[in-house]
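Reader: Could you walk me through this structure, one question at a time?

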There are 2 protein chains.
Amino acid sequence: MITTSEPDSRDGRRVRGDRARAQILTHSTAIASVEGLDGLTIGRLAAEANVGKGNIQVLFGDKESLQLATLRSAVDLYRVAVIDPALTQPSPLLQLQALVEGWFEFVEKRTLPGGCFINAASNEYRARPGRIRDQVKEHRSEARSRFRGLIVKAKKLGELRPNVDETCLAFELLAYQSAANVAALMGDEEEFLLARQASQQRLAAVRAN
Amino acid sequence: MITTSEPDSRDGRRVRGDRARAQILTHSTAIASVEGLDGLTIGRLAAEANVGKGNIQVLFGDKESLQLATLRSAVDLYRVAVIDPALTQPSPLLQLQALVEGWFEFVEKRTLPGGCFINAASNEYRARPGRIRDQVKEHRSEARSRFRGLIVKAKKLGELRPNVDETCLAFELLAYQSAANVAALMGDEEEFLLARQASQQRLAAVRAN
């Protein structure tokens, strides 16, 4: 017999499922940021998130699906913490500066205990083809395009010198992040500061005025 | 009863042991360069090196000892392939250029299937304190000192401009390697080339003449 309460209870189940997923992803993202996506085990996740292993399997499927959901969750976290606020700045150069500075703050504050998730996953999966690597490559490509696009816009608006090579500049800024992510977590504060200063100097050197 | 043949047989055992260790390390270094030091399992190593698991335990001890021996083996391989030849160059600037170019060749040729071992291990262990991270930090520090020392010598000899900051330049060169190691293994040839060119341009920009 179909009762009128069924849609409500189905909605209730979905809300509870979404909440459980989100709560598990908070833990999986933190664990994987330190141990790597491959070091994320369902046993440890179940213990830290205080849920049954069976629940994790019902909510996420197999290990690779959990890894992919964890990667998406880390990217979403970074978007909300750094990208969205940076893109509210009133000009392309200010947006670029906010993105660069936001990255260093994200890592410095250990928003995730292992620092920048995409840098870590890029290293972990660089030589291991598959769906995770494909997804990581897509996020890397987005980050590169975001930088290049803002540099091009800043040139058009006269904020950056017209002869700035957006491909080289974007590469350099991302290379400093790659080095800084390791330095920060290794406790090498001098090198983290060098990376931050190199990024700021690079941007200052290409400003139009 | 002690016979005169005993020292010989003991030597023979040692030679065989050294040979077996070296053969196993060739495999462990290749595996760990792709899968990470944490992804190095005694089972897979035994299968690929075609030796018994028990032999590996007798020759190396526990997993961490095997990981540390693998790290040392990768560092030795790099020393023989890149550092020693570069340091035969007749001047500090030429040595520096040979070290930089040697790194790109080492990775490009896949001397190890996963590229630069220290960059990979730096990322893998950046947030995991312990003996492996301590060892990785020491190798990172050596690489930095080697670069800085050569830059200082090249300044004194008038090969590089006297106002070059050796700390910043060494940081930048190592940051480009960090980015290039991921790019190479991800099949991103454009970015690998950008890193190589950025390194060469950086050195060209600070030459004295």
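This is a predicted model: local features need pLDDT of at least 70, side-chain atom pairs count only at pLDDT 80 or more; totals for chains, interfaces and linings use all residues.

Reader: Are helix 5 of chain A and helix 8 of chain A roughly parallel or roughly antiparallel to each other?

Author: Happy to start there! The axes of helix 5 (residues 92-108) and helix 8 (residues 166-185) of chain A come within 10 Å and cross at roughly 15°. Angles under 35 degrees count as roughly parallel. Helix 5 of chain A and helix 8 of chain A are therefore roughly parallel.

Reader: Which residues of helix 5 of chain A make the contact with helix 8 of chain A?

Author: Helix 5 of chain A passes helix 8 of chain A in a right-handed crossing. From helix 8 of chain A, the contact draws on A:L173, A:Q177, A:A180, A:N181, A:A184 and A:L185. The residues of this contact divide into eight nonpolar, two polar and no charged. On the side of helix 5 of chain A, the residues are A:V100, A:W103, A:F104 and A:V107.

Reader: Is A:N181 buried or exposed?

Author: A:N181 lies in helix 8 of chain A. Among the residues that A:N181 touches are A:W103, A:V107, A:C116 and, from chain B, B:R126. Buried means under 20% relative accessible area. With a relative accessibility of 0%, A:N181 therefore counts as buried.

Reader: Which residues of helix 6 of chain B meet helix 4 of chain B?

Author: Helix 4 (residues 63-86) and helix 6 (residues 117-125) of chain B pack at an angle of about 145°, with their axes 10 Å apart. Helix 4 of chain B brings B:Q67, B:T70, B:L71, B:A74 and B:V75 to the contact. By class, the contact has six nonpolar, two polar and no charged residues. The residues from helix 6 of chain B are B:F117, B:I118 and B:Y125.

Reader: Which three residues supply 25% of the area that chain A buries against chain B?

Author: The contact between the chains takes 37 residues from chain A and 36 residues from chain B. Together the two chains bury about 3,400 Å², 54% of it on carbon and sulfur atoms. Supplying more of chain A's buried area than any other three residues are A:R126, A:F171 and A:M186.

Methods. Residues are numbered from 1 along each chain as its sequence is written. Chains are lettered from A and ligands numbered from 1 in the order in which they are written. Side-chain values use heavy atoms; hydrogens and water are left out. Axes are lines fitted to C-alpha atoms, for helices over the stretch in contact, and angles run from 0 to 180 degrees between N-to-C directions. Helices (H or I, at least four residues) and strands (E, at least two) are DSSP runs, numbered from the N terminus. Angles under 35 degrees count as roughly parallel, over 145 as roughly antiparallel, 65 to 115 as roughly perpendicular and the rest as oblique. A crossing is left-handed if the near helix is turned anticlockwise from the far one by less than a right angle, and right-handed if clockwise. Contact means heavy atoms within 4.5 Å. Ala, Val, Leu, Ile, Met, Phe, Trp, Tyr, Cys and Pro count as nonpolar, Asp, Glu, Lys and Arg as charged, and the others, Gly among them, as polar. Buried area is the accessible area (1.4 Å probe) that two parts lose on being put together, summed over both. Buried means under 20% relative accessible area, exposed over 50%, partly exposed in between (1.4 Å probe, protein chains only). Lists of a residue's contacts leave out its neighbours within four places in sequence.
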